[in-house]
Amino acid sequence: MNAKEILKITSSIGAMLIQYGAEIYRVEDSINRIAEAYGFMENGKSVEVFAIPTSLIITVNEGDNLPLTQTKRITNRSTNLDRVDKLNNLSRFVCTEKPETAVIMRHLEEIKTRRVYGVPVQALSFGVVGATFALFFGGNGLDALFAGLISVLIFYISRLVDKVKPSVFFQSVVCSFVISAIAVIVSRCGLTDGFDKVIIGASMNLVPGIILTNCMRDFIAGDFLAGMYTLIEALLIAVGMAVGAASAITLFTLL
Amino acid sequence: MEELNIAEQLVLPCLYSLIASAAFGVQFNIKLRHMITAAIGATITQLIFISYELSGTREMLCYFFSAAAVSVYAELMARRLHVPVNMYLVIGVIPLVPGGYMYNTMITLIGGDVNAFLPQFAKAFGIAGSIAMGVFVVSAFIRLVRVIYFTVRYKGSKLFFR
């Protein structure tokens with residue numbers, strides 16, 4: 001395995017890990033372990049890695065040759081913990097078996113095409129989350145019904161908004177505005193007693209759970225730059241949710 | 001002591017957190033086997049939270065201890081089944097998210113009454129902080145244990161006879 005090949009596999013695995021929502025310290029750790037397994041951490045050779053949630057920089061130093069660097073910019077991140085799990089298994093396999101580059105690339109291709117849940121199933125899961133949280137926070141059956149319906153609608157709206165690649169702030173403002181607007185209109189029509197339980201239930205779909213968890217785990221691992229990035233992202237989403245809901249409620253209760 | 005309504009105070013919230021956390025598992029694309037384990041973790045969290053709450057512990061401590069408990073569960077199960085820890089951790093803390101307090105914060109902010117807003121804001125932020133601290137303490141401790149374990153196991157002799 002030469003420097004070019006090690007650069008290729010580590011950058012592919014690292015970029016995919018970041019893209020599917022792994023913590024940053026896991027990315028750096030995996031790359032370091034792979035480099036160590038192929039003997040790139042001794043005899044004057046070295047692999048240096050710098051990762052943040054939006055980009056990945058790897059430099060491979062092989063003795064007397066010029067060092068090789070690759071930068072990968074990660075633009076579209078989507079949470080898929082199943083693929084993170086499989087990538088984790090792959091890097092463990094790479095460390096113990098030390099396979100050829102072609103074998104690793106074939107495994108990566110397999111992981112890239114692993115099945116995800118279909119669109120209707122995901123829409124249903126949004127609905128279930130909305131309905132159960134409306135009940136959880138003390139709503140009645142009607143609240144749960146409307147929270148579920150609004151959540152399903154929100155899933156399709158957020159897919160639509162995703163196509164224009166907005167900032168996370170804009171996306172959460174739009175989704176939260178739609179949730180609150182429909183909830184207020186429904187309660188003004190006299191279908192539900194109040195709109196608060198419906199809004200809380202449906203808004204649980206927008207809570208940045210994975211971002212906050214990754215943020216905490218990056219801080220613990222000492223990766224403060226990545227931790228700050230994800231913390232600010234989570235705060236922006238929360239502020240966006242508040243702005244969207246507040247504007248919708250003030251607008252539609254006045255009408 | 002007040003009469004305990006088991007169905008309403010204990011069984012229903014646990015059931016809701018089981019269903020909701022399983023649905024969150026679908027959103028994060030977790031496969032069925034891990035989804036069930038994660039959802040059971042969320043249910044245990046909810047059970048621990050309710051038992052602390054009923055025993056009259058202060059609210060922030062309830063959140064802290066429940067978050068610590070789910071963190072322990074996530075770390076143990078993840079080591080056992082060889083998956084990334086955050087798969088179970090994300091799902092496990094879902095029932096603790098203080099959605100109601102955050103909503104009240106926003107509503108009192110619209111109302112414009114600062115004296116009503118500040119306590120709600122402090123509470124929502126405090127709860128989020130205590131959940132984070134609960135996860136923080138356990139994860140940091142387990143990390144420390146792991147580092148010591150691996151150092152002693154693989155570099156034991158070098159460590160002491162350098």
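**Hairpin in chain A**

I began with A:Thr59, which stands opposite A:Thr69 in β3(A). A reminder to myself before going on: this is a predicted model.

Next I looked up the strands around that pair. Strand β2 (residues 55-61) of chain A runs antiparallel to strand β3 (residues 68-73) of chain A, and six bridges hold the pairing. Together β2(A) and β3(A) make a hairpin, with six residues between them. In the turn I noted A:Gly63, whose phi is positive at about 55°.

I then listed what A:Arg77 touches, leaving aside neighbours within four places in sequence: A:Ile18, A:Gln19, A:Pro53, A:Tyr229 and A:Glu233. With A:Glu233 there is a polar contact between the side chains, at 3.1 Å. I also checked A:Leu7, which is 70 residues from A:Arg77 along the chain; their C-alpha atoms are separated by 22 Å.

**Where the chains meet**

Now for the contact between the chains. How many residues does each chain bring to the contact? I wrote down 41 residues from chain B and 49 residues from chain A. The area buried between chain B and chain A comes to about 3,800 Å², and carbon and sulfur atoms give 71% of it.

For polar links, I found eight residue pairs in polar contact between chain B and chain A, counting pairs with both residues at pLDDT 80 or more. Which elements of chain B give two or more residues to the side that touches chain A? They are α1 (6-27), α2 (32-54), α4 (85-92), α5 (99-111) and α6 (114-160) of chain B. Of these, α1(B) gives the most, with nine residues. Sorted by class, this side of chain B has 28 nonpolar, 10 polar and three charged residues.

The count of salt bridges between chain B and chain A is two. One of them joins the side chains of B:Glu75 and A:Arg217, at 3.5 Å from N to O.

I picked A:Thr213 in helix α9 (residues 209-221) of chain A. A:Thr213 has a relative accessible area of 3%, so it is buried. What does A:Thr213 contact, leaving aside its neighbours within four places in sequence? My list reads B:Asn86, B:Leu89 and B:Val90.

That sent me to α4(B), where eight of its eight residues are buried. Among them are B:Asn86, B:Leu89 and B:Val90, along with B:Met87 and B:Tyr88.

**One last stop in α6(B)**

I finished with B:Gly129, which has its place in helix α6 of chain B. B:Gly129 is partly exposed because its relative accessible area is 31%. B:Phe64 lies 65 residues from B:Gly129 in sequence, and the two are 8.7 Å apart in space, C-alpha to C-alpha.

Conventions:
Residues are numbered from 1 along each chain as its sequence is written. Chains are lettered from A and ligands numbered from 1 in the order in which they are written. Side-chain values use heavy atoms; hydrogens and water are left out. Two strands pair if DSSP finds at least two bridges between them. Helices (H or I, at least four residues) and strands (E, at least two) are DSSP runs, numbered from the N terminus. Buried means under 20% relative accessible area, exposed over 50%, partly exposed in between (1.4 Å probe, protein chains only). Contact means heavy atoms within 4.5 Å. Buried area is the accessible area (1.4 Å probe) that two parts lose on being put together, summed over both. A salt bridge is a side-chain nitrogen of Lys or Arg within 4 Å of a carboxyl oxygen of Asp or Glu. A polar contact is a pair of N or O atoms within 3.5 Å; within protein, one must be able to donate a hydrogen and the other to accept it, and residues adjacent in sequence count only if both atoms are side-chain atoms. Ala, Val, Leu, Ile, Met, Phe, Trp, Tyr, Cys and Pro count as nonpolar, Asp, Glu, Lys and Arg as charged, and the others, Gly among them, as polar.
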